[in-house]
Amino acid sequence: MATQQNERLTRRSLLRRAGALAVAVPAVSALLAACGGGGGGTSGGGGGKITIEMSEYKYNPATITVSPGASVTVTLKNVGTLQHDYHIDVINQTSPMVDPGKSVDWTFTAPSQAGTYDTWCTVPGHKELGMVGKLEVK
Ligand SMILES: [Cu+2]
């Protein structure tokens, strides 16, 4: 009987220890994320959040940099007065159309091949008016 009781106690304290770990781990990774968030003047890269402002007729920033094969989420923020979108030619993907004053989060998978690829707005005429950009993969 006494052994069984001991066993139960041990298991309970193990469970409690596991619980403490579960709390500690997210705190540590939050700290790590905070540390990694520093420098770099260019947009994009590893885990950083990328926001692209769209207006007539440009992207800001015009060039974004991502890692090969990465799943990338960009926030497309339309600060202009017309609809715009974001087309990446090499992967033949186009974001949803974004209304003026709206933002859309759009996720794509970066090409696995390093390089610099063309992007543009598919609204007729916008590309010709200079609404183009670059996707830099490295
Ligand atoms: Cu446009």
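Asparagine 92 sits in the loop between β5 (87-88) and β6 (93-94). Strands, like helices, are DSSP runs numbered from the N terminus; a helix (H or I) has at least four residues and a strand (E) at least two. The structure is a predicted model, in which local features need pLDDT of at least 70, side-chain atom pairs count only at pLDDT 80 or more, and totals for chains, interfaces and linings use all residues. Residues are numbered from 1 along each chain as its sequence is written.

Asparagine 92 is not a glycine, yet its phi is positive, at about 50°. Most residues other than glycine have a negative phi, and most peptide bonds are trans. Asparagine 92 counts as exposed because it has 7 C-beta neighbours inside 10 Å. Of the 138 residues in the protein chain, 19% are buried.

Two peptide bonds also stand out. The bond from glutamate 56 to tyrosine 57 is cis, with omega near -10°. Tyrosine 57 belongs to the loop between β1 (50-55) and β2 (58-60). The bond between asparagine 60 and proline 61 is cis too, and its omega is about 0°. Proline 61 lies in the loop between β2 and β3 (63-66).

The protein chain holds 1 helix and 9 strands. Along the sequence the pattern is α-β-β-β-β-β-β-β-β-β. An open sheet is formed by 5 strands, in the order β3-β9-β8-β5-β6, with mixed pairing. The edges are β3 and β6; each has a single partner strand, so one side of each is left without a neighbour in the sheet. Strands pair if DSSP finds at least two bridges between them. Strand β8 (residues 115-120) pairs with strand β9 (residues 132-137) in the antiparallel sense, over 6 bridges. Glycine 115 has valine 137 in β9 as its bridge partner.

Contacts were also computed for the chain. Two residues are in contact if their C-beta atoms, placed from the backbone, lie within 7 Å. Among contacts in the protein chain with a separation of 6 or more, 55% join residues 24 or more positions apart.

Confidence is given by pLDDT, the predictor's confidence in each residue, from 0 to 100. The protein chain has a mean pLDDT of 79, and 65% of its residues reach 70 or more. Over residues 9-46 the pLDDT is below 50. This stretch, residues 9-46, has 12 contacts in the model beyond near neighbours in sequence.

Notes. Buried ≥ 20, exposed ≤ 12 C-beta atoms within 10 Å, placed from the backbone.
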